[in-house]
Amino acid sequence: ETFNLASGTLATSNVDYAAIPPSTLTFTIGSVNQPITILVNGDAISELTESFGVRIFASTGGAAIGTATAVVDIIDNDVVSVSVSAMTVAENCGAACPALRATLTGKSDRVISVSYSLLAGTAQAPDDYKDVSNSFSWSAMTDGVITLPLEVIDNTVNELSESLTLRISGATNGATISTSDATVTITDND
């Protein structure tokens, strides 16, 4: 039997798998299976499952070809994760506070979006910080840090340090969240 490989949904010959020229399978008397070895080219990009086809044709010796085509799926094994980190800011930083940071580790061939919100702790909105809930995204094929705004309200009360929580959720397109909560500590300046 002669077979060949054909590019399919998203999978590309010599990019996602090693091309094999049309080749011959030999079935000995009584054998019903013959392996076809295909080298899959791994990468470090989170992707959807990719597919290509194998087609058997040109039977010899009077053998009938039952199923002539098969689809081969390349299932991705790359992980993309999002995390947030704790930080400390001064109460008098106002709208110029250091930005909160979210980090995407790993790249994806799709846009990764995440929702975020600020949750009261000993620091309360609107007295200690401006409350915000929103979402942010990394473009396809990017990773690294995205900064998120934080506005702290300066007051004249002498108080202990206060804290709130930055929470992320709802990562899209296969991304996971490795650290969903980060404590933001506001140090008093009075």
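Is N173 buried, exposed or partly exposed? N173 is partly exposed, with a relative accessible area of 35%. Here buried means under 20% relative accessible area, exposed over 50%, and partly exposed in between (1.4 Å probe, protein chains only).

## Basis of the model

This is a predicted model: local features need pLDDT of at least 70, side-chain atom pairs count only at pLDDT 80 or more, and totals for chains, interfaces and linings use all residues. Residues are numbered from 1 along each chain as its sequence is written, and side-chain values use heavy atoms, with hydrogens and water left out.

## Overall form

The protein chain has 15 strands and 0 helices. Both are DSSP runs numbered from the N terminus: helices are H or I, at least four residues, and strands are E, at least two. The radius of gyration is 27 Å, well over the 16 Å that the globule rule gives for 190 residues, so the chain is more spread out than a compact globule. That radius is taken over C-alpha atoms, and the rule is 2.2 Å times the number of residues to the power 0.38. Along the principal axes, the C-alpha atoms fill a box of roughly 95 × 25 × 20 Å.

Of the 190 residues, 30% count as buried. Contact means heavy atoms within 4.5 Å. Among contacts between residues at least 6 apart in sequence, 66% join residues at least 24 apart.

## Surface and charge

The protein chain exposes about 10,500 Å², and carbon and sulfur atoms supply 53% of it. Areas come from the Shrake-Rupley method with a 1.4 Å probe; for residues, only the protein chains shown count as cover.

There are 6 positive and 21 negative side chains. Lys and Arg count as positive, Asp and Glu as negative; His and the chain ends are not counted. The centres of the two sets lie 9 Å apart. Each charge is placed at NZ of Lys, CZ of Arg, CG of Asp or CD of Glu.

## The disulfide

A search of the whole structure finds 1 disulfide, the term for a pair of cysteine sulfur atoms within 2.5 Å. C93 is joined to C97, with an S to S distance of 1.7 Å. The torsion about the S-S bond is about 65°, so the disulfide is right-handed. C93 counts as buried at 15% relative accessibility. C97 is also buried, at 10%.

## Two sites compared

L166 sits in strand β13 (residues 162-169). L166 is buried, with a relative accessible area of 1%. Leaving aside neighbours within four places in sequence, the contacts of L166 include V84, L100, Y116, L118, L148 and V184. A86 is 80 residues away along the chain, yet its C-alpha atom is 8.4 Å from that of L166.

D43 lies in the loop between β2 (23-24) and β3 (45-46). D43 is partly exposed, at 32% relative accessible area. Beyond four places in sequence, D43 is in contact with D76 and D78. The C-alpha atoms of D43 and T147 are separated by 28 Å.

## Backbone exceptions

Most residues other than glycine have a negative phi, and most peptide bonds are trans. M141 has a positive phi, near 70°. M141 is in the loop between β11 and β12 (144-148) and is partly exposed at 41% relative accessibility. N173 also has a positive phi, about 55°, although it is not a glycine. N173 lies in the loop between β13 and β14 (176-179).

A cis peptide bond joins A125 and P126, with omega about 5°. P126 is in the loop between β10 (112-120) and β11 (133-138).
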